[in-house]
Amino acid sequence: MTDTETSDGLPIRLLHDRVLVQLEGNEGERRSAAGIVIPATASIAQRLSWATAVAVGPNVRAVATGDRVLFDPDERSEVELHGREYIMLRERDVHAVAAKRVEPDSTGLYL
């Protein structure tokens, strides 16, 4: 691994408060909890998206590589690296980080 590649072999070093994420699944049609297929053209008010953080900048404090993050898909910049699509976010554009487990004294919700 060179100093310009991340541990995943991405040829990029993020600066400041940037977070590089990869979307989970397909942004198109999706299924409800009951198994009903909802087409991509269905109108939904302000739906947030889940993604996995694949790289973080040196000033990012609340997100680590491998975390599942929740963000607004309207506030994003897309980039292609090694033929794969990624999204570049600022840390302030991340609305939540999924917790692996909830500690007894914590006030956070399990996502």
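1. The model is predicted: local features need pLDDT of at least 70, side-chain atom pairs count only at pLDDT 80 or more, and totals for chains, interfaces and linings use all residues. Residues are numbered from 1 along each chain as its sequence is written, and side-chain values use heavy atoms, with hydrogens and water left out.

2. An open sheet is formed by 6 strands in the order E6-E7-E1-E4-E5-E8, with antiparallel pairing. Strands (E) are DSSP runs of at least two residues, numbered from the N terminus, and two strands pair if DSSP finds at least two bridges between them. Strand E6 (77-81) and strand E8 (94-97) stand at the edges with a single partner strand each, so one side of each has no neighbour in the sheet.

3. E4 and E5 run antiparallel and are joined by 4 bridges. Ala 51 stands opposite Val 69 in E5.

4. The largest nonpolar core has 11 residues, including Val 19, Val 21, Ala 51, Val 69 and Phe 71. Such a core is a set of buried Ala, Val, Leu, Ile, Met, Phe, Trp, Tyr and Cys residues joined through side-chain atoms within 4.5 Å; buried means under 20% relative accessible area (1.4 Å probe, protein chains only). Strands E1 (18-23), E4 (49-56), E5 (68-71) and E7 (84-90) each give two or more residues to this core. Another core, of 9 residues, lies apart from it and includes Ile 12 and Met 88.

5. The charged end of Arg 68 sits over the ring of Trp 50, 4.5 Å from its centre (CZ of Arg or NZ of Lys within 6 Å of the ring centre and within 35 degrees of the ring normal).

Terms used
Buried means under 20% relative accessible area, exposed over 50%, partly exposed in between (1.4 Å probe, protein chains only).
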